[in-house]
Amino acid sequence: MKFKKAWVLSASALAALVLLSACGSGNGNNGGGSADTGSAPADEPKVELSIWHNFSGDDLRAQTMRGLIEQYVAAHPEVKVDVQAIPPDGYKQRLKTVAAANEMPDLFLSNPGSMIAEFYNGDLLQPIGDLLEQYPEWRDGFLPGAFEGHTFDGEIYAAPVNLSPSSIMYYNHSLFEQYDVKVPTTWDELMTAIETFNANGITPISMGNKAAWVAQSTIIGTLADRVTGSEWFLSAVEQDGAAFTDPQFVEALGYFKQLADAEAFQDGANSIDNTQAEQYFIQGNAAMTLGGTWTLTNLAATASEEALEQVGVTVFPAIPGGAGDPNTITASTGQGFAMNKDVTGAQREAALDLIYTISGPEAQQQIAQSNTLVNYQVEVDPAKVTPLFNKTYELVTSVGFTPIYDAYLSSAGTEAVNNGLQELMLGGDPETVAQKIQNAQAEAVGN
Amino acid sequence: MITSMRSGRFVALALLPSLLLYCFFVIVPVFWSAYYGFFEWSGVGATKGIGLQNYAEALQDPVFWRALKNNLIIVAASIFGQVPIALVLAILLNKNSLFHRFVRSAVFMPMVLSTVVVGLIWGYIYHPQFGLVNFVLEAVGLDNWTRGWLSDPDVNMYAVAVPIIWNFIGPYLIMFVAAIQNIPSEIDDACLIDGAIGRKKLLLVTLPMIWNMIKVVIVLCIAGSLKAFDQVFVMTGGGPAQSTELLATYMYNNTFNIYRYGYGSAVSTLIVIISMLMIGVSQVLMRGKES
């Protein structure tokens, strides 16, 4: 029987170990919230701050952002900053998890639109308007509409540290010259260009829509905005006086289907990665591609200088009789740092200071020089960035911005749009697709 | 000397830790997830009990049925692809010569690769512009057969089934080889004496002797195919327009892309139920064959 006891003991020890290690990971999450408790007594020698962001990569932008935070840490020995860099893929899930447990960090990077709205609606944030009042020059340096995605009830909750247009039309100069095609500014010119390029064995528009957000973020947002105007879209998102079954949206889907039917995209576009499609374009196999700032970074990182010199940037063509402004690009107005509602007193002062260090005028300058577009007026030294970045910067400062679909739609609505566009490319019917999108969004908003 | 009763107890005790771990990490979550299926839950925040609505919604969703149909295509491809190929190879390659061992290792190789790598490799093989399949078809003059193998909904389900077959022949081959080599040599001698050679021996002796192994393999095939996920997820993500959606990718997309944890849990519970049903049916069918 001794034998048996020993086994029971070791088995229960094992079970205990499993339970303990489970607790261990729980404690890890508490770390983020521990700063809250440290802030209350005034006689604490140090202020503690926790900040979460997703600049975990090795690209220039991430390095710059981390550098800015380190700059603050070095200059403020009296503040103990707990920095968590979480890889972008799991970032939103991690934040949602700690939000549920009420263990939010003091400051965290948030997307504008539906992501920050979720935290705002959960009553987890406080506005940072007083910081903007304190530095009026800084506030006035932002581009028009910069705060739109971060404003609720007239109060500003975050200041953008980048600008992320998602539907810049990149085109290949020499292909357009070689086949004597005009860079399209209207729908008819676009259709002519598609026809000419197809006749000559050149893919008109390179698109990698395997991860189905691509057609949605880079094409339909802009295309539909040209037809419906932004106001209609925002009402349809709220399901307030507009629905995705409205004729103008069905018409917009019809235009997209026209593109697919005219074989504007390369064969099998739905099974190709976005990066593969970008490579296909830069290698001169396709005349155009639509993309965002990520395209800029990817091309700059992989293509030769000669290849990059061929690339021009413009906006998607106008659509006859459309309600939207054709000189626009869909853009996320930029991620910004939002503040936990529970941050008060000296801790709040420190947090505002930190926000200013990483998103103030000097910071914006540094971010821009890491080849990242900012939603702020900066003088970029052309020697410090790539020529393509310069062209793109000039373009985005001369156009208006319209909402990106997935930044405003519910997750279910976004998924329905993504799948619907693939369905249209496979010969689907615009009205059926519109109905599916409407159903998904209506159900999500109803909840 | 340990008495048999004592050794029985010892075996039970020795199994206890793994049994506990198994319960804790497999059995409990299955029931847990069935329970979550009764709620409207976005992963965080408040849950709302909605009874059987999630289950009803799944059963009414045409995409769920399409996913089930696609899963059945994978099941069929496994049973009628993997099992015969593995069996034929095992019968041809059951000697332990260097050549036979080499071919067996070659067939087993894909099994050692990460399924994600398999998905990526085949993604390139099927690539519409520079993929091997289209290249070979063009080279032999079958230009009009070329297509976007993973994006054309008429063929993409069969296209994704091929790498899955290729990936998992190896272990079944090894199991069949082991079963064939376990047939006692006395039986071989008896066959020789009785004149059962060639096809006669195969059909009347070898196959019946390894029939139990074939049954095991078929059950493993069904179970494996119903949880097929990784290769398809890497190659197509269930798209385009959900045409290659499997039950597992359908569950994943609903849970982690749309944040419907309750619905995803309901779907995964349905997957467990469907798997058990199918394995039960296959057992009954095969028992009938035996008698």
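How much of residues 12-32 of chain B is helix and how much is strand, and how far apart are the end C-alpha atoms? I looked this up first in what is a predicted model, and I found that the stretch is 100% helix and 0% strand, with its end C-alpha atoms 26 Å apart.

I then checked residues 157-181 of chain B, which are 100% helix and 0% strand, with the end C-alpha atoms 36 Å apart.

Next I turned to a helix pair in chain A. The axes of helix α11 (residues 247-261) and helix α19 (residues 411-425) of chain A come within 8 Å and cross at roughly 45 degrees, and the two helices are therefore oblique to each other. I noted that A:Leu253, A:Phe256, A:Lys257 and A:Ala260 of α11(A) make the contact with A:Leu421, A:Leu424 and A:Met425 of α19(A), and that these residues divide into six nonpolar, no polar and one charged.

Last, I traced a sheet in chain A, an open one of five strands in the order β2-β1-β3-β13-β4 with mixed pairing. Strands β2 (79-85) and β4 (125-126) of chain A stand at the edges, each with a single partner strand, so one side of each has no neighbour in the sheet. I saw that β4(A) is joined by two bridges to β13 (residues 336-340) of chain A, the two running antiparallel, and that A:Gln126 stands opposite A:Met339 in β13(A). Helix α4 (residues 114-121) of chain A packs on the sheet, where it touches β3 (107-110), β4 and β13 of chain A.

Terms used. Residues numbered from 1 in each chain as written. Chains lettered and ligands numbered in written order. Predicted model: local features only at pLDDT ≥ 70, side-chain atom pairs only at ≥ 80, totals over all residues. Heavy atoms only, no water. Helix = DSSP H or I, 4+ residues; strand = E, 2+ residues; numbered from the N terminus. Axes fitted to C-alpha atoms, helices over the stretch in contact; angles between N-to-C directions. Parallel < 35°, antiparallel > 145°, perpendicular 65-115°, else oblique. Contact = heavy atoms within 4.5 Å. Nonpolar A, V, L, I, M, F, W, Y, C, P; charged D, E, K, R; others polar. Pairing = 2+ DSSP bridges.
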